[in-house]
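Student: I have a structure to go through. Can we take it in short questions?

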Amino acid sequence: MKKKRVSVLGATGSIGKNALDVIRADKDAFSPVLFSANSRAGQLASLSAEFPEAKVAFSGRREAAEAAGLDGRKNVFLGANALCEAIAEAGADVTLNGISGAAGLEPSIAALNSGSALALANKESIVMAGALVLKTAASRALPVIPVDSEHSAIFNLLRRQGREGLKELLLTASGGPFRTWSAERLKTATPQDALAHPTWNMGRKITIDSATLANKGLEVIEAARLFDIGADDIKVIVHPQSVIHSMIRMNNGAVYAQLSRPDMRLPIHEALRFPEAVPALCEELEFEGLCLNFEKPDLVRFPMLSLAYDALRAGGRYTIAYNAANECAVAAFLAGKISFTGISDVCRQTLDMDWSGEADDLPSILESDRLSRAASMV
Ligand code: NAD
Ligand code: MG
């Protein structure tokens, strides 16, 4: 079997590390051609030593690259603009985008423009520019394969079940660390409290997003764009065990679900090997003693979820503004500048402004992102 040439963007993060586990465990299937990161240059240097054929792109501080011995080496791309250049030269069959935040958008487009399939963990690419990403992929007949566990589940369910007779998507949410906290107590939540996720071990930004339910809000928008379905036909259900990754409900009443242990290696492996079936790497789910619970999300305590539905329904540039305001507010919360409940206040104020009018090409999307950030300064 010919090995698939794989680029891993955001190789030092939580998605990146899980992807490396998959690549090492299924080494006859993959040949890494590019690793990228924005910090932890030392980890990138170790990857370069482990996979000497792969290119390395580091967009963080030059001094950090020098200290890690990356500077001046063959196959190394340094600087903010070097990542898209490295993607263009890597010649990957599939690119896993595990970059966090809006910084992932341009690399997603660059990967598709290089002729690579896109295994997409970076949900922000779709929230900001779903139509552009999907149009770029379609024009080159390349697949965009979701890695987010909920979307991977729905992608697989729809592939197997077909869309005929589909009534709605049911996205599951763990509920995050504050699922049982009162509105009063939420006002006192610290970054440390918010970073203690009950079921998933992830990067800081997505972990805070899971605590506010902004992550589920971003995922509702991601699902609407990826699966071309309206806001009214996407429901969120809190399921604290994170065993059911999502479900589809059919008009005839049947509900199909995907269940597995909460382990990102499965959706990553499936996306990297798509459309082939994957051999088992993860531990099997045990049913003995398993208890599954479900509750309605509380939109009063977690307004970020209802703001996402509002932004999706409003169209125009509202989802770009939602994403940008949230990124600014999360950074401010982590820096101790605003309270936990201040995150949704910042987003509400930004979304109260006028973001009607479309942004459909890359320059206008990036400009709308910049304007939204300026409007969300805290
Ligand atoms: P993380 O913070 O652990 O890692 C982010 C990676 O992106 C790092 O390698 C970092 O160096 C790189 N990066 C950060 N800023 C960058 C920039 N400006 N330019 C280039 N590279 C940059 O994040 P994560 O938890 O791995 O999440 C990555 C993405 O995957 C996010 O969009 C997140 O929503 C999504 N996702 C993550 C998980 C998970 O389990 N961690 C699950 C579903 C979806
Ligand atoms: Mg998810």
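This is a predicted model: local features need pLDDT of at least 70, side-chain atom pairs count only at pLDDT 80 or more; totals for chains, interfaces and linings use all residues.

Student: Which residues are the protein donors of the magnesium ion (ligand 2)?
Tutor: Their spacing along the chain is D-x1-E-x68-E. The donor atoms are of types OD and OE, lying 2.1 to 2.3 Å from the ion. The residues are Asp148, Glu150 and Glu219.

Student: How many residues apart are aspartate 148 and glutamate 219?
Tutor: Aspartate 148 sits in the loop between β7 (144–146) and α7 (149–161). Glutamate 219 belongs to helix α11 (residues 214–226). The pair links distant parts of the chain, and the separation is 71 residues.

Student: How much of the accessible area of ligand 1 does the protein cover?
Tutor: Ligand 1 is surrounded by 23 residues. On its own, ligand 1 has 830 Å² of accessible area. The protein covers 86%.

Student: Which strands are at the edges of the open sheet?
Tutor: Four strands form this mixed sheet, in the order β9-β8-β10-β11. An edge strand pairs on one side only. The edges are β9 (234–238) and β11 (255–259).

Student: What is the bridge partner of serine 246 in β11?
Tutor: Strand β10 (residues 244–250) runs antiparallel to β11, joined by five bridges. The partner of serine 246 is glutamine 258.

Note on methods
Residues are numbered from 1 along each chain as its sequence is written. Chains are lettered from A and ligands numbered from 1 in the order in which they are written. Side-chain values use heavy atoms; hydrogens and water are left out. Two strands pair if DSSP finds at least two bridges between them. Helices (H or I, at least four residues) and strands (E, at least two) are DSSP runs, numbered from the N terminus. Donors are N, O and S atoms within 2.8 Å of the metal (3.2 Å for Na, K and Ca); water is not among the atoms, so sites may look incomplete. A residue is near a molecule or strand if one of its heavy atoms lies within 4 Å of it. Accessible areas come from the Shrake-Rupley method with a 1.4 Å probe; for residues, only the protein chains shown count as cover.
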